Amino acid sequence: MHGQLIEVPPGTGKEPDLGHHGDAEATPGLVDLAVNVRRDTMPDWLADPLTASLAELAAYPDPGPARAAVAARHGRPPAEVLLTAGAAEGFVLLARALAGVRRPVVVHPQFTEPEAALRAAGHQVERVLLDPADGFRLDPARVPADADLVMIGNPTNPTSVLHPAADLAALARPGRVLVVDEAFADTTLAPGVAGEPESLAGRRDLPGLVVVRSLTKTWGLAGLRIGYLLGEAALLDRLAAVQPLWAVSTPALAAATACASPPAVAAEREIAARLAADRDHLVARLSALPGVRVAGRPASAFVLLHLAGADRVRETLRERGWAVRRGDTFPGLGPDWLRVAVRDPATTDAFTDVLAEILEA
Ligand SMILES: Cc1ncc(COP(=O)(O)O)c(C=O)c1O
């Protein structure tokens, strides 16, 4: 049922598998449209400091320079940055440090790890399920007024929906921690906007806001594990208190510094522009297929599509050499949904040709 606030009964057989991720589907030999990590040649400005950092491995990591670089990128003081071993560690720190919250709410469909981390830390999680009928748009009024922890993604994985910053800002209030997962914010673009269109990363005026960022996607660093949290210093201090010592390695810190530099940020904008063109091409090809409906207005590195019997189509795609991400492990979706990564036009054409053949068979 959509459009309702529900409390999830733990351990019911119908529960989606929150621990499932696209990498489990991208098995060797298949063309990978399941994982949203960009694979491209690493630029020298990233490869050089990463390689140089290997000479420093005898020393314990010093997060100071990376913290300062990330803070400068987002126009914040360093005390408002906490470096983490990927965004995933950020969710765990939040879930553990905020043990006292009474009414944590997760807005779905979204990446499953925030809820998984909350549950693992013993929280009773409530879900707000956004409605596919209106393109998974957020209505801030749907979030219960007394929720003292709210977690939402922007842009959202797997829907690719980009919520207006004003709608998210409307969720912030004293007495509530508002976590906005911006792991894919650098993939978004809007005409006439120089930076990331709906990001809250630079907002210092919103009470309880924590922005989660990842550097593993665009820069192909999933195996390195690097991300960070942005928020009020006192709140980040509480999160840092439950973080293992030296959680972020010296090479990961070197990558964070490099990725915060102005040339890196400019390169992200160029990548986002190419991605937008490639995404338009994918959406056009998918929209021409019988029975395929692209959800909402995709804004990120993947699109969500609705297709009756998508679970069986996914199996056939695998037999034909293509891996796409199943939708049924996301709360609020089901077996008729698939997530497909945006790739170059030649890959998209080959994929949509195969999908057309399967649908016509
Ligand atoms: C929306 C979203 N947030 C966070 C993450 C985790 O990113 P990281 O590799 O930085 O832990 C992912 C990974 O798939 C994601 O899709």
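This is a predicted model: local features need pLDDT of at least 70, side-chain atom pairs count only at pLDDT 80 or more; totals for chains, interfaces and linings use all residues.
Helix α3 spans residues 86–97 and has twelve residues. From its first C-alpha to its last, α3 reaches 17 Å. That is close to the 16 Å expected at 1.5 Å a residue. The helix is mostly covered, with nine of its twelve residues buried. The buried residues of α3 are Gly86, Ala87, Glu89, Gly90, Phe91, Leu93, Leu94, Ala95 and Ala97.

Trp246 sits in the loop between α6 (233–240) and α7 (250–259). Its relative accessible area is 46%, so Trp246 counts as partly exposed.

The backbone has several features of note. Most residues other than glycine have a negative phi, and most peptide bonds are trans. Trp246 is not a glycine, yet its phi is positive, at about 55°. Phe136 also has a positive phi, near 55°. Phe136 is found in the loop between β5 (126–129) and β6. With a relative accessible area of 1%, Phe136 is buried, whereas Trp246 is partly exposed.

Pro109 is placed in the loop between β4 (104–108) and α4 (113–120). Pro155 lies in the loop between β6 (149–153) and α5 (165–169).

Notes:
Residues are numbered from 1 along each chain as its sequence is written. Side-chain values use heavy atoms; hydrogens and water are left out. Helices (H or I, at least four residues) and strands (E, at least two) are DSSP runs, numbered from the N terminus. The expected span of a helix is 1.5 Å times one less than its number of residues. Buried means under 20% relative accessible area, exposed over 50%, partly exposed in between (1.4 Å probe, protein chains only).
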